[in-house]
Amino acid sequence: MGFALPSCKKGENDPFLSLRSRKARITGEWKLSSGTTNYILNDTTKTTIYNGTTATSPTGTFPYTEKWTINKNGTLTLSIHNSGDVFTMEANWCFGDKVKEMDLKNKESIIIWATSKKWVYYGGTTTDNETYSGTSCPMYSLTIDKLKNKEMDILIDGASTWLTNSNSETGIFHYTQE
């Protein structure tokens with residue numbers, strides 16, 4: 001008679017072994033506690049450092065908080081408060097499959113497809129709402145570098161080109177569970 005290991009390492013900095021499933025570890029409320037991003041636009045780099053309540057960039061320090069509520073039923077809510085502006089996204093989620101070309105293991109990424117986005121600007125004087133369904137839903141893929149009990153690290157690593165502009169962004173966000 002054999003036995004199955006409950007959950008083994010997926011992300012680079014995951015625990016070797018966990019008694020809780022990956023889905024059980026990711027479910028709950030997560031707050032951004034720290035992070036750094038390097039955004040490069042046409043060879044100019046802008047670094048932003050996050051400490052859980054503020055963000056500091058070359059243009060100054062401003063209030064910034066980020067909260068994710070990830071539900072076991074495959075839904076999530078993201079809420080970002082940024083200098084008085086509020087962004088909220090309702091979405092569905094699932095773990096990503098193994099992608100050899102991207103060097104991703106099974107369940108090392110989370111796939112998100114937004115069903116609604118709401119922006120509230122200038123202390124509530126301006127609001128923008130968007131809803132999506134079917135194949136029109138914007139999709140995002142996040143790489144999970146670490147998923148431990150009450151700790152999660154998300155890697156940022158992407159690039160795009162539009163007209164004559166090229167940009168890339170790298171970084172890491174560290175979240176703690178409430």
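Are Tyr-50 and Phe-173 buried or exposed? Both Tyr-50 and Phe-173 are buried. The structure is a predicted model. A search of the whole structure finds three salt bridges, and the structure also holds five aromatic pairs. The points below take up aromatic rings, salt bridges, surface charge and backbone angles in turn.

**Aromatic rings**

- One of the five aromatic pairs joins Tyr-50 and Phe-173, whose ring centres are 5.1 Å apart. The planes of these two rings stand at 80°, so the pair is edge-to-face; the cut-off for that class is over 60 degrees.
- This pair links distant parts of the chain, with Tyr-50 in strand β2 (residues 44-50) and Phe-173 in strand β11 (residues 165-177). The two residues are 123 residues apart.
- Phe-87 and Trp-119 make another pair, with ring centres 5.2 Å apart. Their planes are at 45°, so this pair is tilted.
- The pair of Phe-87 and Trp-119 also links distant parts of the chain. Phe-87 is in strand β6 (residues 85-95) and Trp-119 is in strand β7 (residues 109-121), 32 residues apart.
- Phe-87 has a relative accessibility of 15% and therefore counts as buried, since buried means under 20%.
- Tyr-50 and Phe-173 belong to one aromatic cluster together with Tyr-64 and Tyr-175.

**Salt bridges**

- Glu-29 and Lys-67 meet through their side chains in a salt bridge, at 3.3 Å from N to O. The pair links distant parts of the chain: Glu-29 is in strand β1 and Lys-67 is in strand β4 (residues 60-70), 38 residues apart.
- Glu-29 is partly exposed because its relative accessible area is 31%. Lys-67 counts as partly exposed because its relative accessibility is 30%.
- Which residues are linked in a network of salt bridges? The network consists of Lys-146, Glu-151 and Asp-153.
- Glu-151, at 24% relative accessibility, counts as partly exposed.

**Positive charge on the surface**

- Arg-20, Lys-23, Lys-72, Lys-107 and Lys-150 gather in a surface patch of positive charge.
- One of these residues, Lys-150, is placed in the loop between β9 (139-148) and β10 (151-162). Its relative accessibility is 42%, so Lys-150 counts as partly exposed.

**Backbone angles**

- Asn-42 has a phi near 50°, which is a positive value in a residue other than glycine. Asn-42 lies in the loop between β1 (28-41) and β2.
- With 33% relative accessibility, Asn-42 counts as partly exposed.
- Asp-103 is not a glycine either, and its phi is positive at about 55°. The place of Asp-103 is in the loop between β6 and β7.
- Why does Asp-103 count as exposed? Asp-103 counts as exposed because its relative accessibility is 68%, and the class of exposed residues begins over 50%.

Terms used. Residues are numbered from 1 along each chain as its sequence is written. This is a predicted model: local features need pLDDT of at least 70, side-chain atom pairs count only at pLDDT 80 or more; totals for chains, interfaces and linings use all residues. Side-chain values use heavy atoms; hydrogens and water are left out. Patches are made of residues with over 30% relative accessible area and no salt bridge: like charges are joined within 9 Å, nonpolar side chains (Val, Leu, Ile, Met, Phe, Trp, Tyr) within 5 Å. Accessible areas come from the Shrake-Rupley method with a 1.4 Å probe; for residues, only the protein chains shown count as cover. A salt bridge is a side-chain nitrogen of Lys or Arg within 4 Å of a carboxyl oxygen of Asp or Glu. Lys and Arg count as positive and Asp and Glu as negative; His and the chain ends are not counted. The place of a charge is taken as NZ of Lys, CZ of Arg, CG of Asp or CD of Glu. Helices (H or I, at least four residues) and strands (E, at least two) are DSSP runs, numbered from the N terminus. Buried means under 20% relative accessible area, exposed over 50%, partly exposed in between (1.4 Å probe, protein chains only). Rings of Phe, Tyr and Trp (its six-membered ring) pair if their centres lie within 6.5 Å; planes under 30 degrees apart count as stacked, over 60 as edge-to-face and the rest as tilted.
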